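User: I am new to this structure. Could you take me through it in short questions and answers?

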Amino acid sequence: MRGNPKFARRKELMKKTDNVIKKGDLYYPGEEFKKKALVSDASVYKKALEDPVKFWEKLAEELVWTKKWDQGFVHKPPHFEWFVGGELNITENALDENLKKRKDKIALIWEPEPTDQKQKTFTFGELYQEVNKFANCLKKLDVKKGDRVGIYLPMIPEAIIAMLGCARIGAVHAVVFSAFSPKALQLRLQDTEAEILITADGYFRRGEIVNLKQNADAALSDENTSQNDREKRGTSVKKVVVVKRAGNEVRMQSGRDLWWDDLVGKESDECQPVPVGSEDLLFILYTSGSTGKPKGCCHVAGGYAVQAKFTAKWIFDFKENDIFWSTADVGWITGHTYSCYGPLLSGTTVVIYEGSPDWPSPERWCQIIEKYGITTFYTAPTAIRMFKKYGTDLVRKYKLATLRLIGSVGEPIDETAWDWYFNEVGKGNCLLLDTWWQTETGGILITSLPGIGPFKPSFAGLPFPGVKVDILGEDGKSLPAGKEGDLVVLPPFSPGLLRNIYKNPKKYLETYWSKFGSKVYLTSDGAYKDENGLVRILGRVDDVIKVAGHRLSTGEMESVIEKHPNIAESAVIGIPDEIKGEVPVAFIVVKNTNKPADDIKTEIINLLRKEIGPFSSLKTVYLVKDLPKTRSGKIMRRVLRKLLGGEELGDLSTLANPECVEEIKKVV
Ligand code: PRX
């Protein structure tokens, strides 16, 4: 590990250029920016669409493969494969290749939350060594190619090292967001049947130490298995590797728990990368669907590597001296693709930050940008709205002069937030990339390329070259500009799109490949195109809500609520929130109890926190006698949404119980 590099001097060296020009309501790269951009010739779109498979194959050729693929794309709807027959190791591309070209360049910078602690940096050479040491530990723990490894770590370098260590030996990582509850971790460990879990003693969040090990212990104990899961007791975890981060006291179970440092200290820093098949699993990442249990999205080695590398490189226009900061946690797909694989595959320096961006003061994020001379900043609209609320004066104290590109992801960004981000953070001189994608897509699919444009506030922009998207009406026909419909992705999709839902191919088929047939990927987002073909995302059309950028399923929340013995039924809906975008509220029907309403409400809120995590907190719980239903018994959440929004309810004649609406009006 290195000492503090001379970040301050870097700042002096970087000067703002003419990055943006505006024509009408569209933004384009300025001449200076365009001249230096990696991709600036608009013909790339046309050429890529003429033969998308060839386009992606050409990009894939820039990676190192231990065995070249035989076929670019094979389609057996709903299944498809990319680079069939090829073999590679993603870490050979992310580490060994950089070792040859930029061994002493900084690969990773970690900023701890406490301001009195020092950052850590790793050069590509050092990261290579750390990953190899950890990969060797995994081998000692008898982890083999194809085995699943659970990772429940905060934003610390070991999270990246652990992911890459798994990939090095062909093991499959399943990262679980560190704010997920023990129960949520347990579910994921059960589903993956991981025998190894990597966690930490604790971490800092808003000045407090979160005892992560305690949560991990709870997830691994039988006691935490709820009544409904009786048949599935405990997990398959045999060894727990614990990173010492916060120094808090933890209980180490003898024979099961091992300290990270004790293990890696003994290992060699050389470990040969294990070649894996292009279609072999690289990782599983769970996400919320419309109903019930979370879905394990299966991402495979070859296609994901190609998409992660080139979406990162082209979209963020990575140059040798860029310093990229994506604020998302490694527990989400954004953390996987743009805090780990994408930048490292491109040889780009990446910053990760442990804590809350407004801790110990709302200026922290500006300070981090200035401290490291961040050139490319990628965050979520929720954070943008939060900082806007803290006040424009705050951000005006900072020049943020090194920034040249800013990005947004995770939810629709409205025009007000867009303008503020563009003018106050980008100082009107950074292109703003509104990037649309999903856990399922593995990498960005829609955003205009910075060297080409155009950009338009609240529009994600053009699909990435080689990606065919469309907006379909209910009849499956392509809709003209201006008409709202379902956003879909058409063959050959993209190399990084999920290949399956872990152990649930039926759900895969139903969720993504049913509405418009098995050759059309359904995104579950509503959207429309403008006359220039720019896509505007309108948000989810299923029962998924985005709360502060976190993806939550109202169906999953309802099934948790209904575990409470006094709840007969429930309906969760998302309502607009100034900062978080959306927040969940629940309508519940109570049975068999005289408990005070406030007690029930508290119990429900606590139950959700325990089963899912603190970010699933309900804003309000309404106790009602009945829920509006159709004659077939389907709960009409639309009616509840309109009731809370104060909108006209329209025709209620399809309801089986219209009288309940008047009752509900009295409590909302
Ligand atoms: O509704 C879309 C929204 O986030 C969903 C995917 O969530 P998740 O799997 O958690 O991945 C988020 C990070 C990639 C999408 O279905 N979404 C994502 N990006 C945008 C967006 N909505 C509008 N604009 C975006 N740029």
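User: Which residue is the bridge partner of tyrosine 286 in S17?

Analyst: This is a predicted model. Tyrosine 286 lies in strand S16. S16 and S17 pair in the antiparallel sense, joined by 6 bridges. In S17, the partner of tyrosine 286 is glycine 296.

User: Is tyrosine 286 buried or exposed?

Analyst: The cut-off for buried is under 20% relative accessible area. Tyrosine 286 has 7% relative accessibility, so it counts as buried.

User: With which side chain does the side chain of tyrosine 286 make a polar contact?

Analyst: Leaving out residues up to four places away in sequence, tyrosine 286 touches Arg188, Asp191, Thr192, Pro294, Lys295, Gly296 and Tyr502. One of these, Asp191, also supplies a polar contact between side chains at 2.7 Å. The partner is aspartate 191.

User: What separates the C-alpha atoms of tyrosine 286 and valine 560?

Analyst: Along the chain, tyrosine 286 and valine 560 are 274 residues apart.

User: Why does threonine 287 count as buried?

Analyst: Threonine 287 is in strand S16, which covers residues 281–287. Buried means under 20% relative accessible area. Threonine 287 counts as buried because its relative accessibility is 5%.

User: Which side chain makes a polar contact with the side chain of threonine 287?

Analyst: Beyond residues up to four places away in sequence, threonine 287 touches Pro294, Lys295, Cys297, Thr439, Glu440 and Arg551. The polar contact joins two side chains at 3.1 Å. The partner of threonine 287 is arginine 551.

User: How many of the residues of strand S17 are buried?

Analyst: Strand S17 spans residues 295–300. In a regular strand, side chains alternate between the two faces of the sheet. On one side of S17, Lys295, Cys297 and His299 are buried; on the other, Gly296, Cys298 and Val300 are buried too. The count is 6 of 6.

User: Which residue in S25 stands opposite cysteine 297?

Analyst: S17 also pairs with strand S25, residues 500–501. That pairing is antiparallel, over 2 bridges. Opposite cysteine 297 stands isoleucine 501.

User: Which residue in S19 is the bridge partner of isoleucine 109?

Analyst: Strand S6 (residues 106–111) pairs with strand S19 (residues 349–353). The sense is parallel, over 4 bridges. In S19, isoleucine 109 has as its partner valine 351.

User: Which are the edge strands in the open sheet of 4 strands?

Analyst: The order is S23-S24-S26-S27, and the pairing is antiparallel. Each edge strand pairs on one side only. The twist averages 45° from one strand to the next. The edge strands are S23 (468–472) and S27 (535–540).

User: Which residue in S24 stands opposite leucine 472?

Analyst: S23 and strand S24 (residues 485–490) run antiparallel, joined by 5 bridges. Opposite leucine 472 stands aspartate 486.

User: What radius of gyration does the chain have?

Analyst: The chain comes to 21 helices and 32 strands. Its C-alpha atoms fill a box of roughly 70 × 65 × 55 Å along the principal axes. For 668 residues, a compact globule would have a radius of gyration near 26 Å. The value for the chain agrees with that: 24 Å.

User: What share of the residues of the chain count as buried?

Analyst: The accessible surface comes to about 25800 Å², with 49% of it belonging to carbon and sulfur atoms. Of the 668 residues, the buried share is 62%.

Technical notes
Residues are numbered from 1 along each chain as its sequence is written. This is a predicted model: local features need pLDDT of at least 70, side-chain atom pairs count only at pLDDT 80 or more; totals for chains, interfaces and linings use all residues. Side-chain values use heavy atoms; hydrogens and water are left out. Buried means under 20% relative accessible area, exposed over 50%, partly exposed in between (1.4 Å probe, protein chains only). A polar contact is a pair of N or O atoms within 3.5 Å; within protein, one must be able to donate a hydrogen and the other to accept it, and residues adjacent in sequence count only if both atoms are side-chain atoms. Contact means heavy atoms within 4.5 Å. Two strands pair if DSSP finds at least two bridges between them. Axes are lines fitted to C-alpha atoms, for helices over the stretch in contact, and angles run from 0 to 180 degrees between N-to-C directions. The radius of gyration is taken over C-alpha atoms; the globule rule is 2.2 Å times the number of residues to the power 0.38. Accessible areas come from the Shrake-Rupley method with a 1.4 Å probe; for residues, only the protein chains shown count as cover.
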